[in-house]
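Subject: Structure handover

Hello,

Here is the structure you asked for. My notes on what was found in it follow below.

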Amino acid sequence: MEKKHMGLKAKNRLSNGLVYFILIVISCIWLIPFVCLVLESLRCECTYQVGYLIPKQWGLDNYINLFTKTDFPVWFKNTFIVGLATAAIQTIMVLSMSYVLSRLRFRGRRFLMNAMLVLGMFPGFLSLILIYKVFSWLGMTGANSIPGLILVYTASSAMGYYVSKGYFDTIPRSLDEAARVDGANRFQVFYKVIMPLAKPIVIYTILTAFMAPWGDFMTAKYLAHNTSMGMNVAVGLQNLIAKPESMAANYTMFCAGGVIVAIPITILFMCLQKYYVEGVTGGAVKG
C-alpha cells in the first residue's frame, strides 16, 4: 500500500513537472517578442532595422527623441483620456444593464437579450464609413476626434453584458429581498448590496473597457484622418513608420513607443490579475 502511494506521488510530481515545463516554454515564447522590442528600443548606433539583436551601443536616445521630436505626449494623453472616459462610462452602462437583466423580469426581456446577442455578432468596422460621415458633419474628426472616439466606444457597450450578468446570477436573490424589506430601493440594492459583492466583475469590466481603446487602431485612424493632434498612440506610432523612408529613420523610436505603451497596461493587469480571473470564472456560468 505504501509503495502504491509513493508511486502515485511520483507520478503526480512527474505530471506537474511536465505541466510546469510546458508553461515555462510557452512563457518564454510569449516573452521573446517583447524582449526583442525592448532591446531594439535601447539601440543607439542606428535607427533602422538590422540583422542582429543585441545592441552595440546602449542608451535612452530613442525614448528622449520620441518625447522631444514627435507628438507622442499628445498621442499618449489622447489615449489616456479616451481610455479613462470609456472605462468609466462603459462600466456604468454594462453593470447597470447586467443587473437589470439578471434581477428584473419584464416583457421583452428575452427578445432584448437575443437582439443584443445577434447585433454583437456583426463587426463594428462595418459602420465605419457611416460613422465618419456623421462625425465629420458634427465636427468630431481630425483634431476633435477624441469626443467622437469616446462616443463610439461607449455607444453600444451595454451589449457586452454577458459575463457581468453571469456573475450577478451567482449572487443570491435573497440579499436583494432582504434589502427591499428593510426599505431600500432598487438603486440602493444595486449600489450598497450588490456592488460590494461584485468587486471582481467590476474590476474585470473596468480593465476590459480600458484596454479596448488603448490599442484600437482602425476606428481611431478613420476619425483622426492624419491629424496628429487627434491621434492615439496606435495611430501615431504607425504613422512614424508608414513610409519606407520613415521606417528607416524612426524604427527604433517606434520600438521605444511600443515599450512605453505596454508598460501601463502590464502594470495594471499584474496588479489586478487576481480580480480579473475571479471575474471571468465567476461570470462564466449559464444565466
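W214 is buried, at 4% relative accessibility; buried means under 20% relative accessible area, exposed over 50%, and partly exposed in between, with a 1.4 Å probe and protein chains only. This is a predicted model, in which local features need pLDDT of at least 70 and side-chain atom pairs count only at pLDDT 80 or more, while totals for chains, interfaces and linings use all residues. Residues are numbered from 1 along each chain as its sequence is written, and side-chain values use heavy atoms, with hydrogens and water left out.

Aromatic pairs

The whole structure contains 10 aromatic pairs. Rings of Phe, Tyr and Trp (its six-membered ring) pair if their centres lie within 6.5 Å; planes under 30 degrees apart count as stacked, over 60 as edge-to-face and the rest as tilted. F76 and W214 form an edge-to-face pair, because their ring centres are 5.4 Å apart and their planes stand at 90°. This pair links distant parts of the chain, with F76 in helix 3 (residues 72-103) and W214 in helix 10 (residues 199-214), 138 residues apart. Helices are DSSP runs of H or I with at least four residues, numbered from the N terminus. F76 counts as partly exposed, at 23% relative accessibility.

Y99 and F190 make a tilted pair, 5.0 Å centre to centre with 50° between the planes. Here too distant parts of the chain are linked: Y99 sits in helix 3 and F190 in helix 9 (residues 186-197), 91 residues apart. Y99 is buried at 5% relative accessibility, and F190 is buried at 12%.

Ring pairs also join F67, F72, W75, F76, F80, F210 and W214 into a cluster.

Cysteines

There are zero disulfides in the structure, a disulfide being a pair of cysteine sulfur atoms within 2.5 Å. C44 is in none; its nearest cysteine sulfur, that of C46, is 9.8 Å away. C44 counts as partly exposed, at 23% relative accessibility. For C255, the closest cysteine sulfur is in C36 at 9.6 Å, which is too far for a bond. C255 is buried, with a relative accessible area of 2%.

A loop residue

T141 lies in the loop between helix 5 (128-137) and helix 6 (145-155). T141 is buried, with a relative accessible area of 17%. Leaving out residues up to four places away in sequence, T141 touches Y132, F135, S136 and L223, where contact means heavy atoms within 4.5 Å.

Regards

Technical notes:
Helices (H or I, at least four residues) and strands (E, at least two) are DSSP runs, numbered from the N terminus.
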